[in-house]
Amino acid sequence: MTASDAIFEHLYVHFPFCARKCPYCDFNSHAGRDDLIDRYIDALVLELERWAGQVRPRTIFVGGGTPTHGDASALERYIDAVRDAFDAAALEEFTIEANPGSLDRAKVRALVRAGVNRVSLGVQSFDDRLLEMLGRVHNAADAVRGVEILRAGGIERLSVDLILATPGQSLADQERDVARAIDLDPEHVSAYVLTFEEGTAFTRLMEEGRMPAPEAERDLAHLHVVCERLAAAGYERYEISNFARGGRVCLHNLAYWRNANWLGVGAGAHSHRDGRRWKNVDDPAAYAAALERSDAPLDWEEHVPPPSQLFESLMMGLRLADGVDVNELSSRHGIDVRTTYEDVIREHVAGGRAVLDGSRLFLTEGGLDLANRVIRDFVP
Ligand code: SF4
């Protein structure tokens, strides 16, 4: 076996269907196409079979879309197929994303039977006014009920996912939201500031002046409130927007941030193996049609040159609280980090935004606040 056909340890599975398209969402997600779900699952099974023997997962992450959208039998069919496709002897973490309101006891039973041990619940807010504004189909009571169903069903690890700095949300609202999340006692919290992505309904509204544009200072103030409350409750900030208690970090996402190899299956899924990146077609019908013809559902692929690979490793690794090991990155990418980035590192260390401690390079709290700006300086 060569480096180019190394076994994948991290598997991502995409389920692109949702009850409704949220106005801020630029993910590959589709509402009103539930008639495609059965055909899509058949195609997913075909794609999983194509990769037999090349995956021995330590982590599996089923994302979307809303992977728990659709009925329990559809969920059971594809989640069992994911579990059965590969040798699961090394599996440590099996995550699925779920939305409150899309869960019931039968679905949670199917998840636990398949070996799912972690659920990332898209709560976003506990304020019904903000949930409506975000176009979510659930309310705060659904979120609390979702957590109860998951815990009663035996899900060991729970992440509550929040959106911060929604237009109209005050700092006091933000504080209440994070306090309600902590009350539910999850092992993990993800807290992302709302972003305005190209092509979304929110971005159109903003461009038409009907929605306020984001302000960096306001966004940071919301993030700081959340960081402080979570730290006080014993959550460690291990990545800019991710917090875990008792070391219960998301191993799958950690692999992305460390620029590891991973296989993505499903419509629009990305994959990475030793500097080769590729992506499947986005459209679920086109994806299914390719697999029905026994073709690869490939949209594009590229070979990333070593300087860009190194930049990717820095860009993602510097999001982590413990940063990157410059010696490890130098030997992995064949480029000496200390000499290539000598001036950039010196400038950010002198400015108090970064620390180089032995071979570990990481951003300070102030540096994490300015992470995008700092990371831009590493562009090759
Ligand atoms: S539920 Fe999630 S994936 Fe689906 S439209 Fe909303 S934000 Fe996008």
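Two residues are in contact if their C-beta atoms, placed from the backbone, lie within 7 Å. The model described here is predicted.

The domain assignment of the protein chain gives two parts: domain 1 spans 3–257, and domain 2 spans 306–376. Taken over C-alpha atoms, the centres of domain 1 and domain 2 are separated by 28 Å. The two domains touch. On the side of domain 1, 7 residues are in contact with 8 residues of domain 2. Two elements of domain 1, strand S9 (236–239) and helix H9 (251–257), each supply at least two residues of this side. Strand S9 gives the most, with 3 residues. By class, the side of domain 1 that touches domain 2 has 5 nonpolar and 2 charged residues. No polar residue is found there.

A helix pair was examined next. Helix H2 covers residues 72–85, and helix H3 covers residues 105–114. Their axes come within 9 Å and cross at roughly 10°. Angles under 35 degrees count as roughly parallel. H2 and H3 are therefore roughly parallel to each other. From H2, the residues that meet H3 are Ala72, Leu75, Glu76, Ile79, Asp80 and Arg83. From H3, Ala106, Lys107, Ala110, Leu111 and Ala114 take part. The residues of this contact divide into 7 nonpolar and 4 charged, with no polar residue.

The surroundings of the ligand were also listed. Three cysteines, Cys18, Cys22 and Cys25, are among the residues around the ligand. Lys21, Phe27 and Ser29 also belong to this shell. Gly64, Gly65 and Thr66 surround the ligand as well. Asn99 and Gly122 complete the list. By class, the shell has 4 nonpolar, 6 polar and 1 charged residues.

Pro284 lies in helix H10, which covers residues 284–292. Within 10 Å, Pro284 has 26 other C-beta atoms. A residue is buried if 20 or more lie within that distance. Pro284 is therefore buried. Pro284 and Ile96 are 188 residues apart in sequence. In space, Pro284 and Ile96 are 19 Å apart, C-alpha to C-alpha.

Key: Residues are numbered from 1 along each chain as its sequence is written. This is a predicted model: local features need pLDDT of at least 70, side-chain atom pairs count only at pLDDT 80 or more; totals for chains, interfaces and linings use all residues. Helices (H or I, at least four residues) and strands (E, at least two) are DSSP runs, numbered from the N terminus. A residue is buried if 20 or more other C-beta atoms lie within 10 Å of its own, exposed if 12 or fewer, and partly exposed in between; C-beta atoms are placed from the backbone. Axes are lines fitted to C-alpha atoms, for helices over the stretch in contact, and angles run from 0 to 180 degrees between N-to-C directions. Angles under 35 degrees count as roughly parallel, over 145 as roughly antiparallel, 65 to 115 as roughly perpendicular and the rest as oblique. Ala, Val, Leu, Ile, Met, Phe, Trp, Tyr, Cys and Pro count as nonpolar, Asp, Glu, Lys and Arg as charged, and the others, Gly among them, as polar. A residue is near a molecule or strand if its C-beta atom, placed from the backbone, lies within 6 Å of it. Domain bounds come from an automatic or database domain assignment.
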